[in-house]
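Trainee: Could we go through this structure together, one question at a time?

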Amino acid sequence: MDRLLREHQALHDPALEPRNELPWLPELRRWQTRRLEVSFDRFLRDPRRRPAAQFFLTDVYNEHDFAQRDADIARVLPMMQRLLPANLLDTVADAIELGLLTHALDLRMAQVLQAMGGPRRRLDAGVYARAYRAAGLPRLRAYQIDLIARVGLGLSHALGLPGVAMLLRLSRAPARAAGLSELQGFLERGYAAFDRLGDARRFIEEIEQDEREISRRLFDYDPDPFDGAMR
């Protein structure tokens, strides 16, 4: 986890990684966030699944800047290793790795979009598909989806362990006092979302299947990889 945190900080540092300043990067993140919201529409309309879907959109796999959460983790890593269950620590590490890989892939796509040229700074499905294929790396795209599933399943299991709810309640005030509200909020929102979900495995499997199908269709030059949902 310590290595992942160092890599995460370096990849987000514009002085070390100039592609963070590419003008296409914010537009790419905006478009991908919208695409995820569209993909998650059936979950968001289901009262039982809505909290878990919202948690994914805000805390696991979107354009949100997780730098403060990960800085919190870096500060309390020794204490976390003593107090938190090993499988929850593994899941937090997977979440950091997912954020790291997602940002790396976004930087690569933003660089491709920049090289494609032109004055436009707005994405559509066709431009996105061409940039996605040009950026390539299908194995890393598949691994990114592996991590999405691992984070979801790991959180649903670890946060359901006996005593975790009590641990989160007891740590709320100390976390706020120590300036660790981002990390505490991530864990509490995850607990609340998965506590209401019920069949977490089926929910995660549906997300995984959807993401793999979209990636396959993009790499296979499908003329409408998003079934008309994105323009």
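Mentor: Let us begin with Y221, which is placed in the segment after helix 11, where helices are DSSP runs of H or I with at least four residues, numbered from the N terminus. This is a predicted model, in which local features need pLDDT of at least 70, side-chain atom pairs count only at pLDDT 80 or more, and totals for chains, interfaces and linings use all residues. Residues are numbered from 1 along each chain as its sequence is written, and side-chain values use heavy atoms, with hydrogens and water left out.

Trainee: What is the phi of Y221, and is Y221 buried or exposed?

Mentor: Most residues other than glycine have a negative phi. Y221 is not a glycine, yet its phi is positive, at about 60°. Buried means under 20% relative accessible area, exposed over 50%, and partly exposed in between, with a 1.4 Å probe and protein chains only. The relative accessible area of Y221 is 61%, so Y221 is exposed.

Trainee: Which relative accessibility does D227 have?

Mentor: D227 also lies in the segment after helix 11, and its phi, near 55°, is a positive value in a residue other than glycine. D227 counts as exposed because its relative accessibility is 57%.

Trainee: How are helix 7 and helix 11 oriented to each other?

Mentor: The axes, which are lines fitted to C-alpha atoms over the stretch in contact, with angles from 0 to 180 degrees between N-to-C directions, come within 9 Å and cross at roughly 85°. Angles of 65 to 115 degrees count as roughly perpendicular, under 35 as roughly parallel, over 145 as roughly antiparallel and the rest as oblique. Helix 7 and helix 11 are therefore roughly perpendicular.

Terms used:
Helices (H or I, at least four residues) and strands (E, at least two) are DSSP runs, numbered from the N terminus.
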